[in-house]
Amino acid sequence: MKKKTKNASAWLVALIALLSGGTYYGTHTDKDVTANPVPETEVVAASDEAVETVPEGVDYSLPALRKNSGEQILHRTAMTISWNKETRTPNWVAYLLKDADMDGNLGREPEFYQDFEIAKEVRVSTYDYSHSGYDRGHMAPAGDFNGDKKAKKETFYMTNICPQNHKLNGDSWNTLEKQCRDWAYQEGGIYSVVGPVYTSENPKTIGTHKVAVPDKFFRCILSLKKGKEKAVGFIYENTGTRQRISRAACSVDEVEQLTGYDFFTALPDKLEKKLEANYNLKDWGYPEEY
C-alpha cells in the first residue's frame, strides 16, 4: 500500500515538471547527481580489466594441490616439490627461474643426498640407482641455480631425482634445460614446473626402495612479461631417441590431460584458459622447424 502511494507521488511530481516545461530525473539527493555519469560499458570494461590483472608476489609455478592424493609437499629454498611415496619420485617440482639464481660459477655437488624429511621406509638413496642402467636425472636442474649455493645443493636431494635414460639426460633433455635458461634471461624470468609421467600400469622399478621408472617427462613454462604473456608445455619419451624441442612442444592443456595435474592455477581464470590452450614457439623466438 505504501509502495502505491510512493509511486503515485512520483507520477504527480513528474507530471508537474513536464507541464512546467522542465525535465524529470527522478527522486535523488544532491550527492547522486554527476555532471558526467559513467556509461555502463565503461564500468564493465574496467571490471574486466581488473579481473585480468596479474598480482605480483604470487608463486604462479605451483600446480593445484590434490585432496587425498597422499602427496607430501616439500618447501625448498628456491623450489617446491610434490613427493610421491608410491613411485619414490616427485610428482612435480615447481619454481621461478630468474637471473639471480642462474648467474654464478658454483661447482657441481660431490654427491647426491637423502632427503630426511621423507619417511625412512620410502627414503631413496643414491645407491638405489647403482648399476640400474639409469641416470639420476634432475627435475630442477643444478645449472638453474649456479648463483645460489643452498638452492643448487638442494637439487641434489633424491626428492628432485628420477630414473632417466642416459642419452635423454645428456642430450635432448639437457638441450631443453639450456633453452629454458635462455628463455628465462629473455623474458626476465619464467615459472617452471617439471616432473615424470607414468603411463604403464606396472612401471619398472630399480633399487632396494623400488623407485619407479617414468615412461615420459613433462615440463611446462610460463612467462608473465607484460603484454607478452605466454605458456608452453613439453613432453619427452624416456628413451635414448633424439627428440627435438619443436616436436616435444605442446599446449599446457595437453600436458594437463596427460598428467591429470592443474597447472598455473593462481592466474586469473580467463588468462589461464587463454595461455594454456595455445602455444607458439615463434612467440618465444624459437623456430618451429628446429
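Biologist: In which sense do β10 and β11 pair, and over how many bridges?

Modeller: This is a predicted model. In it, β10 and β11 pair in the antiparallel sense, over two bridges. Phe 234 stands opposite Ala 249 in β11.

Biologist: What's the strand order in the open sheet?

Modeller: Seven strands, in the order β1-β2-β3-β6-β9-β10-β11. The pairing is antiparallel.

Biologist: Which strands stand at the edges?

Modeller: β1 (72-75) and β11. Each has a single partner strand, so one side of each is left without a neighbour in the sheet.

Biologist: And which strands does α6 lie across?

Modeller: β3, β6, β9 and β10. α6 runs at about 5 degrees to β9.

Biologist: Switching to the core. Which residues of the largest nonpolar core touch the most other members?

Modeller: Val 93, Tyr 95, Trp 183, Ile 221, Phe 234 and Tyr 236, out of 48 residues. The elements giving two or more residues to this core include β3 (89-97), α6 (172-187) and β10 (230-237). The largest share, five residues, comes from α6.

Biologist: What does Tyr 236 touch?

Modeller: Leaving out residues up to four places away in sequence, its contacts include Trp 173, Leu 176, Phe 217 and Ile 245. There is also a second, separate core of 19 residues, with Tyr 60 and Leu 271 among them.

Biologist: Now α8. Which of its residues are buried?

Modeller: Val 252, Val 255, Glu 256 and Thr 259. Seen down the axis of α8, they fall within an arc of 100 degrees, so they line one face of the helix.

Biologist: What covers them?

Modeller: The cover includes β6, β9, β10, β11 and α9 (269-277). Just after α8, Gly 260 takes a positive phi of about 85 degrees.

Note on methods: Residues are numbered from 1 along each chain as its sequence is written. This is a predicted model: local features need pLDDT of at least 70, side-chain atom pairs count only at pLDDT 80 or more; totals for chains, interfaces and linings use all residues. Side-chain values use heavy atoms; hydrogens and water are left out. A nonpolar core is a set of buried Ala, Val, Leu, Ile, Met, Phe, Trp, Tyr and Cys residues joined through side-chain atoms within 4.5 Å. Buried means under 20% relative accessible area, exposed over 50%, partly exposed in between (1.4 Å probe, protein chains only). Helices (H or I, at least four residues) and strands (E, at least two) are DSSP runs, numbered from the N terminus. Contact means heavy atoms within 4.5 Å. The arc is that of the directions from the helix axis to the C-beta atoms. Two strands pair if DSSP finds at least two bridges between them. Axes are lines fitted to C-alpha atoms, for helices over the stretch in contact, and angles run from 0 to 180 degrees between N-to-C directions.
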